[in-house]
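Here is a structure to read with a few definitions in hand. Each term gets its cut-off, and each value is set against it.

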Amino acid sequence: MQEEEKTAAGEPKRDLIGPTEPPAPPVTKVNIVFMSEPPIEAVEEIPAVDLKEAIAERIRTDCKELAILVSEGTLVGLAPGDQPHEAVSAALAEMTKNPEYADIKAVTTASGLVFFYSERHIKVAEAAAKSLLEEVKFRIGEKVRVDSKEELLTPVDPLYEDIGWDRSAYSPDEIRKDPRYEDIKTVTAATGEMFFYSTRHMSDYFALVLARVASKDVCILIAETVRDESRIYPRPTCVMLFLEKVFGVKEEDLESVVRKTLERPEFRDIKAMIHPVTGAVYLYSDKYLDGERAFMKMDYEEVIRPANP
Amino acid sequence: MAVYGGWTGKVLRVDLSNAAIGVEVDTTKQLTAFDAPVNGISKVDTIAKYKDYLGGLGLGLKVLWDETTATTKAFDVGNKLVFGVGPLTGSGTPLSGRVTITSLWPAHLNDSLAASGHMGGHWGPELKYAGWDAVIVQGKASKPVWIQIVNDKVTVMDAGNMWGNGIYRATSDIMDIMGPSAHVAAIGQAGENLSRLACCMTGRSHSAGGVGGVMGSKNLKAIGVLGTGAVKIATDKVTWKALVKYQHTNLGANSGGVIPNTFQSWQPDGLFGGTRWTAAKGRYWGAATPPVDTGDCTSTDMNSIGLRTHKGFADHGGAGIGDKHTVKIGGCHGCPIRCHIYTDCPQLEQYGVSRYQVNTCSGNSILSSHLTKAPTPSIYGSQLSVAIGDDYGCWRDYGLAAGVFNFMYKTKAFPDAAHPTWTPATVKDANGNDIPNPVIGMSLWDKYLSAAERTRLTTNIAATIPAPWKLLNPDHIAKYPYDPAKTAAQNQPPAQTKDSDLRFIPWLGAEWAGNKMVDGTIATWEKIQAGGTQSATLGALISMGAGRLATLVPELEYELLNNKNNTNALTTSFIKHHSTEQAGAGYVAALINMMFNRDPQCHTHSNYLGNGLGPDRQNAIFAKLFAADGLDGPAIDPDSFLAADTGPMNKSKAVFAKLSLVYLELHNSSTICNYTLPGWASPLNAARDKNPNGDYVGDSDLDVRYHNAVTGENLTRQQYEDIGIRILSLTRALNARAMNTKEQRILHDKKAIPSWYFATNGVWKSGICQIDPAQMEIAIDMLYAEFGWDKATGMPTRATFERLGMKAIADDLAAKGLLP
């Protein structure tokens, strides 16, 4: 057998195809041209912002109309440009020297948070008291939003303990009354444990599922999720869904927890079926979905949809 | 004369019968007037002649109406092949990378009927940048050629060194000549050999099915395009940017999904499932360097739209396989939705092909679906199949070709109670006496293939494999020949090793591409039609397409109309595509599937139905967007998996079907991607995401807004939709002319309604939503009424033709007795 000719690198040498000249370089293109000029009013312009005036106006308005203190974070949102923190610091420093802004004051909490207010609308003593509540709200909001972004619920009691506040003195549901924290909601697990979550990053339903997970009864988690699926969409639920991270079920435990769910009398509406071709296991609740439809929907997911891409 | 944006204003015509090879024509200098050819090359005024039909598909159909006759056939020299783009192509309109290739359709039983194939990629936009709205190819070159288009300069080039080679080689050769910025659309051996199941392909994975054989019949190997011009946009930059940004906020994922497929914390209502929005945190493009985490891909994050559709994970076996082998998800010009899966399977190198492959959807199983036992994991068979099938230019025909091939390979012809007529027990001899049928018990091979072909296939298979596949010793059939002495069960292919299964693929590709098509598809067809059995080659049989083959092989016809594998063909033997098997589709899908001369390729309805929102929300959004169209009830049935779930036909469903068809034609003419549009639903809800249209409500006016912004016209949505009805009506006119009958309802549309849509004696059939035959008649009436077509015949009325500015066509049809 004739040996293949090899290159210096030891690779099989291949016949060259086409010309030996190097290809022409790519051509730079302008792909579209516009036939009209934008109307003058439509030209994007960054309006000039008097940051000091904007800061003062925001503080005075919030104090007057909402009777609340203003956090530094709120002010940063008013600043244009790439370095808003620096811009706000500079503006605040200048404002202290300007008598026009003499009513703008700051209060610092024990933990070092700074809040601003206008003496025209909130007095010093009142501001000190409010700052304590502002700090609670601020720390709850900050922690809950971070946790929710990471798909975690925030247990209420440990958070209160951490902040050093009494839950009975400030109800967890009170925080939503402040429009700045309207995304902060609570959900309670079957164990009675209450959790915060932020709707900025987490749906109510996702929070509910996490609360079920926190109940530490996987059978309830499975049964209630199956009931939801059968009721809302309606559709049967492939048991593989419970291997998704949020449900916290391990692959080696899946079969046994499904079997246990099916055996519990309070979940007798939960039925199982096995696809005859793929062997996939699906559950459904016969409270909301009859067996024939459940089977057809399973068949659709397992066989028909893949065959009709 | 008005100056429009969008259109270039010129169509290029290349008459291969009259073009000298190697002679460049500068169309700006040598062609002093429209329609004055030099060296077979001329140009046509788009605006004057085709503007009413928009471009792309509409333009192509108008060319066929004007320039072919009732008796012109697909492979005739007189057939035209129209590569058409539209005003939106290449404009930067999201999803505007498409080109439509229109011609008389080789795969249809009546190949004087028109249809179209469609490619994404970058070829279409490049044609626009070169200054052309379409290329009309006509005539036939005396020897293999390719067409080189560099802006205004057009040259018919010698393709002798490429002929007989695959698409990859042709593309590479042309890129060597034209440079890396050029884009190439080419055919492989399948098209050269006049396979009716051949495609034209660009950009490695973007293929237009069905038209490859027409290119082959003209001795046209490829068209290379390089353009340095720009598309003119009538509006201003600020308005344009705002419009594009607005659409981006409404886009979901591929196939119109607007909610994630997995349970995601950010989805405002906790909805998930049923879509191609398959990205998730911790789900990687695992073969990228470094691997890319597709991440949350929230609905408001415009910078991760391209990550949302992780088809590598979804289509190639999920965790540990699909994600592991995915390099990236790529796509077409101007499209933020990426849907083509780039894979890396180093295991493929042992078969002599590149480890890097790319395709999407059914293109990923073009040959591997023939395997009697899928290799594990299936991605290896799939990607080897892509490497070979795409190079040969084999068209999958949405799975029908694979079904036919498998059937012809495996099925025996034993008559039984279920199929008593397959092979009659007795036949008449020359004296009229009943004698035992000599083909009883034979396999399809025995009945239909020549002795020489059977010998070739059963004893010398390795020799039929072209290099380099010959080295792979695909000895499957040599090892396991059909033995007439054994029972059917004993003759079933034995369980095969993974290895031999994979090695079968190159052989399949070669057969499909017609490498052993001794007689060619036309001669084989004529021979068998004339009564000659045992005269064909396997390649020729497969390559003639399901429709023709089924007329010769009753066993196949039975299979196509009755099988339970969800790949049922329609009665006209082209395959259904998103028909009644889809939840909620019912009459709407049945209507859509009867309208064309191939599978409809309509995704307007299937994308909306598959957006993940569920029927209640879908009905509410549809009602909000299209209230002015006179809706009277749910357009989408709430369940539609069981016969009892399909609600009666109503006006809303007729409107849904009409709009689905109209926007399909508009997308293929303008040209934007019907595989992701329409944007009737949005991933944004009202409360959290501030969707100004309401919870998950998209936009019904986006198409016409883009048209107006690009062209400078000022059409209403209804005026724009009338263009779609005009294109559909032109298709009707072409059908009537080619079929020489105005009876389109009976002889065209209802022919495409298979009995399996309906319950048989109340017996439920798996995989479809069965519908009521009497209601289906009402559905047809209502759809025709939406279009202004005659209910009795299914033809546009004269009034409709005239309302649409098609009086000359109406007059022509009337003169032929083809107008109702």
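**Reading the terms**

Q: How much accessible surface does chain B have, and what share belongs to carbon and sulfur atoms?
A: The accessible surface of chain B is about 25,600 Å², and carbon and sulfur atoms hold 53% of that surface. Such areas come from the Shrake-Rupley method with a 1.4 Å probe; for residues, only the protein chains shown count as cover.

Q: What kind of model is this, and how is it numbered?
A: This is a predicted model: local features need pLDDT of at least 70, side-chain atom pairs count only at pLDDT 80 or more, and totals for chains, interfaces and linings use all residues. Residues are numbered from 1 along each chain as its sequence is written, chains are lettered from A and ligands numbered from 1 in the order in which they are written, and side-chain values use heavy atoms, with hydrogens and water left out.

Q: Why is B:Arg196 called buried?
A: Buried means under 20% relative accessible area, exposed over 50%, and partly exposed in between (1.4 Å probe, protein chains only). B:Arg196 has 3%, so B:Arg196 is buried. B:Arg196 is found in the loop between helix H5 (189-192) and strand S11 (199-202) of chain B.

Q: What makes the pair B:Arg196 and B:Asp111 a polar contact?
A: A polar contact is a pair of N or O atoms within 3.5 Å; within protein, one must be able to donate a hydrogen and the other to accept it, and residues adjacent in sequence count only if both atoms are side-chain atoms. The side chains of B:Arg196 and B:Asp111 are joined at 3.0 Å. A polar side-chain atom of B:Arg196 also lies 2.9 Å from the backbone oxygen of B:Pro106.

Q: Why are H1(A) and H3(A) called roughly perpendicular?
A: Angles under 35 degrees count as roughly parallel, over 145 as roughly antiparallel, 65 to 115 as roughly perpendicular and the rest as oblique. H1 (residues 51-66) and H3 (residues 84-95) of chain A pack at about 80°, with axes 9 Å apart. H1(A) and H3(A) are therefore roughly perpendicular.

Q: Which residues of H1(A) make the contact with H3(A)?
A: They are A:Leu51, A:Lys52, A:Ile55 and A:Ala56. Contact means heavy atoms within 4.5 Å.

Q: How do you know that helix H22 of chain B is mostly covered?
A: Count its buried residues: eight of eight in H22 (residues 586-593). Among them are B:Tyr587 and B:Leu591. The cover includes helices H23 (604-609), H25 (651-670) and H29 (773-787) of chain B.

Terms used
Axes are lines fitted to C-alpha atoms, for helices over the stretch in contact, and angles run from 0 to 180 degrees between N-to-C directions. Helices (H or I, at least four residues) and strands (E, at least two) are DSSP runs, numbered from the N terminus.
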